[in-house]
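Biologist: I have a structure to go through with you. Shall we take it step by step?

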Amino acid sequence: MTIRVVVADDQEIVRTGLSMILGAQPDIEVVGEAADGRRAVELARRLRPDVCLFDIRMPGLDGIEATRSLAGPAVADPLAVVVITTFDLDEYVYAALRAGARGFLLKNSGAALLSQAVHAAASGDALIAPSITARLLGAFARTGRAMPSVHPVEALTYREEQVLATLARGRTNSEIADELRISLSTVKSHIASLMAKLGARNRVELAMWAYETDRVQPADRPPNRRTFG
């Protein structure tokens, strides 16, 4: 299946480069480009791509607001957005993921990680740049609670608690299955149940909630994990 992508960056040379990198992948097609946030939102709403790749600093409407418009809590049918930036700032990470982004990359992350992030977002997972993953949930804790009033609609089972804590340490589904000695399908089932009980839309929100409710201790936090997918 071909992954359809809209790319938005106010610098033409960067936008063209990103499009060329993604277009070189056999299963990715860039279906639209935009030089500002408003145009990016218009294109995304019209084309309904599988993934939107947005720069943070854009004229008219920045990447955070563009993300919130397409993937925020109030959006009934959210699109997958990956935010990409030159600036390695915790507040950008926090704002992007709270706005609904499924990934956060630096522009120097390289072609391989860019492709991985797009594939992860298209499949419903979230990938974060290696250089900021270790700081990610600490930034949430310092800036404030992202899900202050969320309580499970049902109590979590013992196994769901295990899966949640392992997921919050940055493990992939396969790694969770190996660590807990359960099948991959069982992991996916538990994650789906966790999302339903917590009203979370993706794995990042599950990880945030796990840290905010002290289900993951500081010593358990990932040293330099790359993905929540």
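Biologist: At roughly what angle do the axes of helix α7 and helix α10 cross?

Modeller: Note that this is a predicted model. The axes of α7 (residues 158–168) and α10 (residues 203–212) come within 9 Å. Their crossing angle is roughly 100 degrees.

Biologist: Is α7 parallel or perpendicular to α10?

Modeller: Angles of 65 to 115 degrees count as roughly perpendicular. The axes cross at roughly 100 degrees, so α7 is roughly perpendicular to α10.

Biologist: In what order do the six strands lie in the open sheet?

Modeller: The pairing is parallel. The edge strands, β2 and β6, each pair on one side only. The order is β2-β1-β3-β4-β5-β6.

Biologist: Which residue of β3 is the bridge partner of Val-6?

Modeller: Strands β1 (residues 3–8) and β3 (residues 51–55) pair over four bridges. In β3, the partner of Val-6 is Cys-52.

Biologist: Is Asp-9 buried or exposed?

Modeller: Asp-9 forms a salt bridge with Lys-107, with the closest N and O atoms 2.8 Å apart. Buried means under 20% relative accessible area. Asp-9 has 0%, so Asp-9 is buried.

Biologist: What separates Arg-68 and Glu-65 along helix α3?

Modeller: Their side chains meet in a salt bridge at 2.4 Å, N to O. The two residues are three apart in α3 (residues 63–71), so the separation is about one helical turn.

Biologist: How many salt bridges does a search of the whole structure find?

Modeller: One of them joins Glu-33 and Arg-15 at 3.5 Å, N to O. Glu-33 sits in strand β2 and Arg-15 in helix α1. The search finds seven.

Notes
Residues are numbered from 1 along each chain as its sequence is written. This is a predicted model: local features need pLDDT of at least 70, side-chain atom pairs count only at pLDDT 80 or more; totals for chains, interfaces and linings use all residues. Side-chain values use heavy atoms; hydrogens and water are left out. Axes are lines fitted to C-alpha atoms, for helices over the stretch in contact, and angles run from 0 to 180 degrees between N-to-C directions. Angles under 35 degrees count as roughly parallel, over 145 as roughly antiparallel, 65 to 115 as roughly perpendicular and the rest as oblique. Two strands pair if DSSP finds at least two bridges between them. A salt bridge is a side-chain nitrogen of Lys or Arg within 4 Å of a carboxyl oxygen of Asp or Glu. Buried means under 20% relative accessible area, exposed over 50%, partly exposed in between (1.4 Å probe, protein chains only).
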